[in-house]
Amino acid sequence: MSEDTLKQIAYLAAALKAPRITQTAARLADQARAGGWSHEDYLAAVLDREVAARNASGAQLRIRAAGFPAPKTVEEFIFDHQPGIRRADLAPLLAGHYLAEARNVVLLGPPGTGKTHLAIALGVAACHTGHRVLFGTASQWIDRLHRAHAQDRLAAELTKPNATD
């Protein structure tokens with residue numbers, strides 16, 4: 001790839017606010033030539049890498065904005081310590097079906113049973129599927145909504161897209 005072409009790609013990628021295209025285009029160009037890719041295949045590969053990188057960085061931004069005490073995943077959950085919880089039962093929740101159906105998930109149990117871990121894991125999974133999440137314990141939410149009600153702004157608090165204190 002010529003230096004002029006690289007400069008033009010860098011300019012166009014910046015104009016599109018897609019900076020990773022510059023690195024990906026150069027890296028994939030040699031692979032495309034060696035593999036005999038069509039122009040369309042090469043373009044699709046470059047754009048696929050950009051979309052994947054955007055999705056990953058978007059998920060990380062949503063995870064940070066969610067206010068989790070620490071990000072956790074279901075893979076980190078120790079199911080042997082909680083025999084009443086089965087990994088298979090969590091699969092539909094991790095897929096986010098409850099979100100599409102506007103349904104709630106309520107986790108009940110005594111302290112130390114993994115409720116917070118699983119709630120965070122579900123929130124992280126939702127962030128990875130493009131949903132915004134706002135984490136808080138039940139008492140934090142009660143306090144927050146009570147304050148909003150006392151200030152006559154409960155409706156606004158309930159509809160905030162990404163409220164933070």
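How many nonpolar, polar and charged residues does the lining of the largest pocket have? The model is predicted.

## The largest pocket

The lining of the largest pocket is made up, by class, of 15 nonpolar residues, 6 polar residues and 3 charged residues. The space in this pocket comes to about 960 Å³. Its lining has 24 residues, and those closest to the pocket centre are Val105, Ala119, Leu134, Gly136 and Trp141.

Which helix gives the most to this lining? Helix H6 does, with 6 residues.

Helix H1 runs over residues 3–15, which makes 13 residues. From its first C-alpha to its last, H1 reaches 18 Å, close to the 18 Å expected at 1.5 Å a residue. Helix H7 also has 13 residues, and its end C-alpha atoms are 18 Å apart. This agrees with expectation because 13 residues at 1.5 Å a residue should span 18 Å.

Most residues other than glycine have a negative phi. Lys17, which follows H1, is not a glycine and yet has a positive phi of about 55°. Lys17 belongs to the loop between H1 and helix H2, the latter being residues 20–35. Is Lys17 buried or exposed? Its relative accessible area is 67%, and exposed means over 50%, so Lys17 is exposed.

Asp152 follows H7. Its phi is near 55°, again a positive value in a residue other than glycine. Asp152 is placed in the loop between H7 and H8. With 73% relative accessibility, Asp152 counts as exposed, because this value is over 50%.

## A buried threonine in a loop

Where is Thr113? Thr113 sits in the loop that runs between helix H5 (97–100) and helix H6 (115–128).

A polar atom of the Thr113 side chain is 2.9 Å from the backbone oxygen of Pro110. Leaving aside residues up to four places away in sequence, Thr113 touches Phe77, Gln82 and Ile85.

Glu157 is part of helix H8, which covers residues 154–159. Why does Glu157 count as buried? Its relative accessibility is 6%, and the cut-off for buried is under 20%, so Glu157 falls into that class.

Which side chains make polar contacts with the side chain of Glu157? One is that of Arg144, at 2.5 Å. Another is that of Arg153, at 2.7 Å.

Arg132 is in the loop between H6 and H7. Its relative accessible area of 53% is over 50%, and therefore Arg132 is exposed.

Along the chain, Arg132 and Ala59 are 73 residues apart, while their C-alpha atoms are separated by 8.9 Å.

Methods. Residues numbered from 1 in each chain as written. Predicted model: local features only at pLDDT ≥ 70, side-chain atom pairs only at ≥ 80, totals over all residues. Heavy atoms only, no water. Helix = DSSP H or I, 4+ residues; strand = E, 2+ residues; numbered from the N terminus. Expected span 1.5 Å × (residues − 1). Polar contact = N/O pair within 3.5 Å; in protein donor to acceptor, adjacent residues only side chain to side chain. Contact = heavy atoms within 4.5 Å. Buried < 20%, exposed > 50% of the residue type's maximum accessible area, 1.4 Å probe, protein only. 1 Å grid on protein atoms, 1.4 Å probe; cavity = no way out; pocket = protein on both sides within 12 Å on 5 of 7 lines; lining within 4 Å. Points joined across faces, edges and corners; volume = space filled by probe spheres on them. Nonpolar A, V, L, I, M, F, W, Y, C, P; charged D, E, K, R; others polar.
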